[in-house]
Amino acid sequence: MNADPAGSEQEERAELARLVPAGPVERGLPPELHSHHKDVLMQLIDRERHGADPATTETATLPARTRRPARPVLLAASVAVAVAATLTVGLVTGQRGPDGGHGTTATAGTGAHGGRRAVVTLDRIAAVALRTDVEPVRDGQFVYVRTRVAENEADWEQPVRPGSLHDREAWFSQEQGPLVEYGLIRENGDDFPIRILVPEGSDGETAGIDRPTYAWLASLPTDPAALLKRIYAETPVEDGEDQDQAVFDRIGELVREQVMPSATAAAIYRATARIPGVTEVDDAVDAAGRHGIAIAREDTRMGLRTEWIFDPDTLAYLGERTVLSRDSAMGSAGTVFDTRAVLERAVVDRKGQRPRSGSGR
């Protein structure tokens, strides 16, 4: 027996009303943007009914990614042992929540429902990003980011042992040409250079996905499918690593530590919606104690879920955290493994220079 078309349309409208509640950030949008958001959701509903996963539609034919050993590292004697241990286990050690304890998290949306919510939310975040004025960053300048972080001090596969909550400052060079040392980390009263691992005698790494700059970000395609294909192609992956998770994490680094053009930011969020396994968390807390909604993805191999946290009203980016997604020797599911909050983001003229009061963004 054929389905009633009128009934199907009513179901779609009900689904639309349920998944896209009225929110402050959508007020004042022109009719064409409201129409765009509706079209996005209707396409999701249609694809789901026909058995297609919207997140995999554009990624099935992605080429194998180029492997590149160059990755940013902090070169300082005090952290050399910790870096070596991290490379051995293939994962940064855990961190804690802002309350000084392990913390817990709300359950992430799962299955088709959680995926639909994430896509809708990412589209709304992209719309906000597109309306945000961003002043271009010149090659000779530095992007300054001040974050609040808390790190676990236990070894991998040992019970999480929270460290202290503290602020970290970073300066990232915007030079396009090859560099070996391209930034500075200031943490716990010490300065550490940010360097890229390159072969001995090399002039360094030019701007790219391993050393992003505003100009490089501005050069990326703003079509979400083309952008995602580009990021997949340029993100290194280790043997056995979840490729989709590697891309999700790399995009998270770009969102957290850079200033990017509005059109690029919007495309980044819409591209993220196409990554398989992306879902939404109703309530997550950053390292500054701010509650928000989160875009998340679980690395099932490692038993971890990474969450990007956004203000529930303005949809501005707040920070990121990682939690245990299942019970293990490290703790129970929901234990906060690492947490950070972006407190200030600005553009300065010199490495080590702090922005004037009120100039952060």
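What share of the contacts in the chain with a separation of 6 or more is accounted for by residues 24 or more positions apart? The share is 66%, where a contact means heavy atoms within 4.5 Å. This is a predicted model, in which local features need pLDDT of at least 70 and side-chain atom pairs count only at pLDDT 80 or more, while totals for chains, interfaces and linings use all residues. Residues are numbered from 1 along each chain as its sequence is written, and side-chain values use heavy atoms, with hydrogens and water left out.

**The chain as a whole**

- The chain holds eight helices and ten strands, which are DSSP runs numbered from the N terminus (helices are H or I with at least four residues, strands are E with at least two).
- Of the 361 residues in the chain, 50% are buried, where buried means under 20% relative accessible area, exposed means over 50%, and partly exposed lies in between (1.4 Å probe, protein chains only).
- The chain exposes about 17,100 Å², and carbon and sulfur atoms supply 50% of that area; accessible areas come from the Shrake-Rupley method with a 1.4 Å probe, and for residues only the protein chains shown count as cover.

**Strand 7 and its two partners**

- Strand 7 covers residues 291-299, and because seven of its nine residues are buried, this strand is largely enclosed by the rest of the structure.
- Strand 6 (residues 279-285) pairs with strand 7 in the antiparallel sense over five bridges, two strands being paired if DSSP finds at least two bridges between them.
- Within that pairing, Glu-280 has Ile-295 of strand 7 as its bridge partner, and the hairpin formed by strand 6 and strand 7 has five residues between them, with Gly-289 in the turn showing a positive phi of about 85°.
- Strand 7 also pairs with strand 8 (residues 304-310) in the antiparallel sense, here over seven bridges, and Ile-293 has Phe-310 of strand 8 as its bridge partner.
- The hairpin of strand 7 and strand 8 has four residues between the strands, and Gly-303 in this hairpin takes a positive phi near 70°.

**Aromatic pairs around Phe-310**

- A search of the whole structure finds five aromatic pairs, counted when rings of Phe, Tyr and Trp (its six-membered ring) have centres within 6.5 Å, with planes under 30 degrees apart called stacked, over 60 edge-to-face and the rest tilted.
- One of them joins Tyr-269 and Phe-310 edge-to-face, at 5.7 Å centre to centre and 75° between the planes, and this pair links distant parts of the chain, since Tyr-269 lies in helix 8 (residues 262-272) and Phe-310 in strand 8, 41 residues apart.
- Phe-310 also forms an edge-to-face pair with Tyr-317, at 5.7 Å centre to centre and 80° between the planes, and both Phe-310 and Tyr-317 are buried.
- Tyr-269 is buried as well, and ring pairs link Tyr-269, Phe-310 and Tyr-317 into a cluster.

- Helix 7 has 15 residues and reaches 21 Å from its first C-alpha to its last, close to the 21 Å expected, a span taken as 1.5 Å times one less than the number of residues.
- Eleven of the 15 residues of helix 7 are buried, so this helix is largely enclosed by the rest of the structure; among them are Val-247, Phe-248, Ile-251 and Leu-254.
- Val-237 lies in the loop between helix 6 (224-234) and helix 7 (243-257), and Val-237 counts as buried because its relative accessibility is 15%.
- Val-237 and Val-247 are ten residues apart in sequence and 8.9 Å apart in space, C-alpha to C-alpha.
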